[in-house]
Amino acid sequence: MDFHKQQPIYLQIADVLLEDILQKKLSDGERVPSVRELALSVQVNPNTVQRSYQWLQDEDIIVQKRGIGFFLCDKVYEKTLSIKRDELIKVTIPETIKQMKLLGIGIKEFESIYQSIHN
């Protein structure tokens, strides 16, 4: 996994799971990898994965079943969609608009770029 500096690693790890949920690769009640399994696969310290899992538990995305492991909560798609939409609206779009203003990119140019990417 390639990490970037703009976001803490534990949130980047959580984002991978959230993207899998949004792409419907994972659904309600499914088991997620153990802390150790995931730490090995993404080559990070298990404490970093534990922090990711704690954040996901705080957001009601996963639940720990003692002695069994971590599982996705009910209505996980809807919860994930809400989290990612809020992040887009409150963080990503304002930052993008700020950058557009700095670079002199207007809404018409943005719309043209959007159309070329979207198609």
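Predicted model: local features only at pLDDT ≥ 70, side-chain atom pairs only at ≥ 80, totals over all residues.
1. Ground rules: residues are numbered from 1 along each chain as its sequence is written. Local features need pLDDT of at least 70 and side-chain atom pairs pLDDT 80 or more, while totals for chains, interfaces and linings use all residues, and side-chain values use heavy atoms, without hydrogens or water.

2. The protein has five helices and three strands, in the order α-β-α-α-β-β-α-α from the N terminus. Helices here are DSSP runs of H or I with at least four residues, and strands are E runs of at least two, numbered from the N terminus.

3. On burial, 28% of the 119 residues count as buried, meaning under 20% relative accessible area with a 1.4 Å probe, protein chains only. The C-alpha trace spans about 55 × 30 × 25 Å along its principal axes.

4. Now the helix pair. Helix α2 (residues 35–42) packs on helix α3 (residues 46–58) at about 120 degrees, with the axes 8 Å apart. That makes α2 oblique to α3. Axes are lines fitted to C-alpha atoms over the stretch in contact, with angles running from 0 to 180 degrees between N-to-C directions; oblique is what remains after roughly parallel (under 35 degrees), roughly antiparallel (over 145) and roughly perpendicular (65 to 115).

5. Who touches whom? From α2, Val-35, Leu-38 and Ala-39 meet Pro-46, Val-49, Gln-50 and Tyr-53 of α3, where contact means heavy atoms within 4.5 Å.

Technical notes
Buried < 20%, exposed > 50% of the residue type's maximum accessible area, 1.4 Å probe, protein only.
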